[in-house]
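Please read this briefing with the sequence and the 3D view side by side. It is arranged by topic for a reader who is new to structures.

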Amino acid sequence: MTTQQKVVFEKVTKLFQRKGEDLEVLRDIDLSVAQGEFVCLLGPSGCGKSTLLNIAGGFERPTSGRVLIDGESVLGPDSRRVFVFQEYGIFPWASVWDNVALGLRQLSKDEQQRIVSQVIELVGLKGFESTYPQELSGGMKQRVEVARALAVDPDVIFMDEPFGALDSLTRLSLRSELIRIWHESGKTILFVTHDVDESIQLAQRIVVFTDRPGCIREIVPVPMEHPRDLGSPEYGQIKNRLYDLLGVSHQV
Amino acid sequence: MNYWPLYVSLMALAVVGTARWQSARQQSVLLPMAISCFLVVLWELACRWTQSRIFPTPGQTWAGLLELIESNRLWGDIAASLFRVTWGFVLAVAVGIPLGLVVGWSTRTFRALNPIIQGLRPISPIAWIPIAILWFGIGDGAGIFLIFLSSFFPITVGTMAAVRNISLVHQRSAMNFGLSGLELFRRVVLPAALPQIITSLRIALGVAWLVIVAAEMVGMDSGLGYLINDARNAGSRYDLVVATMLVIGMIGIVLDLLIRRLERFDEVRWGYATR
Ligand SMILES: Nc1ncnc2c1ncn2[C@@H]1O[C@H](COP(=O)(O)OP(=O)(O)O)[C@@H](O)[C@H]1O
Ligand SMILES: [Mg+2]
């Protein structure tokens, strides 16, 4: 492979202590994500996806193994790699504008103004700058969070089931917007989900996890161009393959 | 025989009976007024049945209230009580909120100081009265000190708890965007804790208003608590006693309404259930 590796997991293992007992959540995760790649981590609830992402984000330490970003070990959170949280991570006490400007504190007022209005436009929240999150719908809150992440122009964006709490229509439209933003910005995106369709719609590669302790069962490439046709036979084949890997039946 | 209780009850009954046709706003004003009218009527009837010579009727209490308002005594005592409560409360806010923020945020400081704070907290401020007088003498100093104590603990403990409740996601957001030091406090810790801090201010002010009256009854020579004691001692003027109690209640309501205005700011409204 000639492309540059951006995020590299090396034998990442994580144990949690629970009531004095070790709970093995992740075992020997080896994974490389290329610069500009969109990768989904797919697996059943509780298999350790969030834990893995938190380790990559620097919020948790692996019990053994390590994560390298641009060849450097991850030791803590860093605004060059931004997290978009499963529950809303934006601040309810700050306006949309102030939330988005959070990571731009060192810049001049003019610069802040320019960047904030640009990303707010990008996520389609123009006109809501002075609104407080409480008055926004779930989908709009998640847009604010994406805008806050984009504002600092990070290399890598970690997204932990960012659309999990939204209704299916909002989810669908936010996915296509995320793809548009990804195409425009060329960021590396690691996206955690337990939703098979979501992973096929978004990712270039899908990393399928086993039940706990989470290991990588298989990495499934999605060789389809965006926008993807959800009715195509190729889509159906990948979906069946993923269901097989996850060990669930195709019929309800 | 005077029949006003009958007329008042009938009017109150009419208000209650037509409640379903009133708007929500009207209900929340008219219904409490109607209930209060019933209570006053009960009070009047109780006085008539027991033929008490000592306990004042509503009419006598009203006359006592007017007498208090006309003599300049009442205003001076209200001012004295409010003065002590204001300063004691302001000092408690100035010390309690920063202390609560720091102790709540830093786990080591929390481990060191929390047991001490929790140990001092159950001591009633009233128990401090002798010490307050010993240190500050009879006067404003002792009152301010006691109010400081009574507000300090609810405010500090409330602020601490608020900080320790800050959601992990918000803490991580702050870390992710590189917030630290004073900026972390200004942008995340304080605003995240503010709704709960305001609730603790409300509780503290309520306690302060309870304590000041007790303190003035025991160890001061002015203020509403002193007025109650004085009215009883100087010729068993129970009409003035009850009138002063009503004044105390009214001022308590006003104080609570004032402090609740803090809950309306955009920066904190998210912290309260909307109902
Ligand atoms: N801080 C923690 N302490 C103990 N156990 C934890 C902790 N965080 C997660 N776990 C456990 O680790 C497992 C994996 O959690 P998580 O990574 O959140 O799974 P997923 O995101 O795939 O649903 C779960 O069983 C969870 O209970
Ligand atoms: Mg998760």
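This is a predicted model: local features need pLDDT of at least 70, side-chain atom pairs count only at pLDDT 80 or more; totals for chains, interfaces and linings use all residues.

Residues are numbered from 1 along each chain as its sequence is written, chains are lettered from A and ligands numbered from 1 in the order in which they are written, and side-chain values use heavy atoms, with hydrogens and water left out.

**Helix pairs**

- Two packed helices are described by the angle between their axes and the distance between the axes.
- In chain A, the axes of helix α3 (residues 109-122) and helix α4 (residues 138-151) come within 9 Å and cross at roughly 135°, where axes are lines fitted to C-alpha atoms, for helices over the stretch in contact, and angles run from 0 to 180 degrees between N-to-C directions.
- α3(A) and α4(A) are therefore oblique to each other (angles under 35 degrees count as roughly parallel, over 145 as roughly antiparallel, 65 to 115 as roughly perpendicular and the rest as oblique).
- On the α3(A) side the contact (heavy atoms within 4.5 Å) is made by A:Ile115, A:Val119 and A:Leu122, and on the α4(A) side by A:Ala147, A:Leu150 and A:Ala151.
- In chain B, the axes of helix α4 (residues 73-105) and helix α10 (residues 224-233) come within 7 Å and cross at roughly 135°, which makes α4(B) oblique to α10(B).
- Here B:Arg73, B:Leu74, B:Asp77, B:Ile78 and B:Ser81 of α4(B) meet B:Leu224, B:Tyr226, B:Leu227 and B:Asp230 of α10(B).

**Ligand 1**

- The residues that surround ligand 1 (a heavy atom within 4 Å) include A:Phe16, A:Arg18, A:Pro44, A:Thr51 and A:Arg212.
- Polar backbone atoms approach oxygen atoms of the ligand, at 3.0 Å for A:Gly48 and at 2.9 Å for A:Lys49.
- From A:Ser50, a polar side-chain atom lies 2.6 Å from an oxygen atom of ligand 1.

**Backbone details in chain A**

- The peptide bond from A:Arg212 to A:Pro213 is cis, with omega near -5°, and A:Pro213 is found in the loop between β9 (205-209) and β10 (216-221); helices (H or I, at least four residues) and strands (E, at least two) are DSSP runs, numbered from the N terminus.
- Another cis peptide bond joins A:His226 and A:Pro227, with omega about -5°, and A:Pro227 lies in the loop between β10 and α7 (233-246).
- A:Lys19 has a positive phi of about 50° although it is not a glycine, and its place is in the loop between β1 (5-18) and β2 (21-34).

Technical notes
A polar contact is a pair of N or O atoms within 3.5 Å; within protein, one must be able to donate a hydrogen and the other to accept it, and residues adjacent in sequence count only if both atoms are side-chain atoms.
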